[in-house]
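Hi,

Here is the structure I said I would pass on.

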Amino acid sequence: MIKKYYFNLHLTYHEFLPYYEGQVHAIVVRTTDGIRIQFPASHIRKYVTSTGIRGYFCMNTENNKFLSITKIS
């Protein structure tokens with residue numbers, strides 16, 4: 001069964017730099033439903049801009065295994 005988790009993520013470029021450089025490996029967020037989720041920072045790298053990461057995202061999992069993250073807005 002595929003589960004969807006929705007969350008906001010707002011990190012400046014400088015806040016995300018340790019994740020991007022591999023010094024910190026996991027991002028922890030709280031979903032809009034209040035669930036705490038953790039995922040590898042590498043899954044969100046493609047959304048980094050010169051100002052950082054800012055947006056509303058959806059993460060899909062199946063049997064608690066990562067499938068994808070999509071930026072919604």
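Predicted model: local features only at pLDDT ≥ 70, side-chain atom pairs only at ≥ 80, totals over all residues.

The protein chain averages a pLDDT of 94, and 100% of the residues score at least 70. Helix 1 has the lowest confidence, with a mean of 90, while strand 1 has the highest, at 97.

Now the core. The largest nonpolar core has 17 residues, and those touching the most other members are Phe7, Leu9, Ile27, Phe39, Ile44 and Phe57. Strand 1, helix 1, strand 2, strand 3 and strand 4 each give two or more residues to this core, with strand 1 supplying the largest share, four residues.

On to the rings: there are six aromatic pairs in the structure. Phe7 and Phe39 have ring centres 5.6 Å apart and planes at 40°, so that pair is tilted. Phe7 is in strand 1 and Phe39 in strand 3, so the pair ties together parts that are 32 residues apart in sequence. Both Phe7 and Phe39 are buried. Tyr47 and Phe57 make an edge-to-face pair, at 5.3 Å centre to centre and 65° between the planes. Tyr47 and Phe57 are buried too, and ring pairs link Phe7, Phe39, Tyr47 and Phe57 into a cluster.

Another ring to look at is Tyr20: the charged end of Arg45 sits over it, 5.3 Å from the ring centre.

Last, the hairpin. Strand 4 and strand 5 pair in the antiparallel sense over six bridges, and Cys58 has Thr70 as its bridge partner in strand 5. Two residues lie between these strands, and Asn63 takes a positive phi near 55° in this hairpin.

Cheers

How values were computed:
Residues numbered from 1 in each chain as written. Heavy atoms only, no water. Pairing = 2+ DSSP bridges. Core = buried A, V, L, I, M, F, W, Y, C linked by side-chain atoms within 4.5 Å. Buried < 20%, exposed > 50% of the residue type's maximum accessible area, 1.4 Å probe, protein only. pLDDT = per-residue confidence, 0-100. Phe/Tyr/Trp six-rings, centres within 6.5 Å; stacked < 30°, edge-to-face > 60°. Lys NZ or Arg CZ within 6 Å of the ring centre and 35° of its normal.
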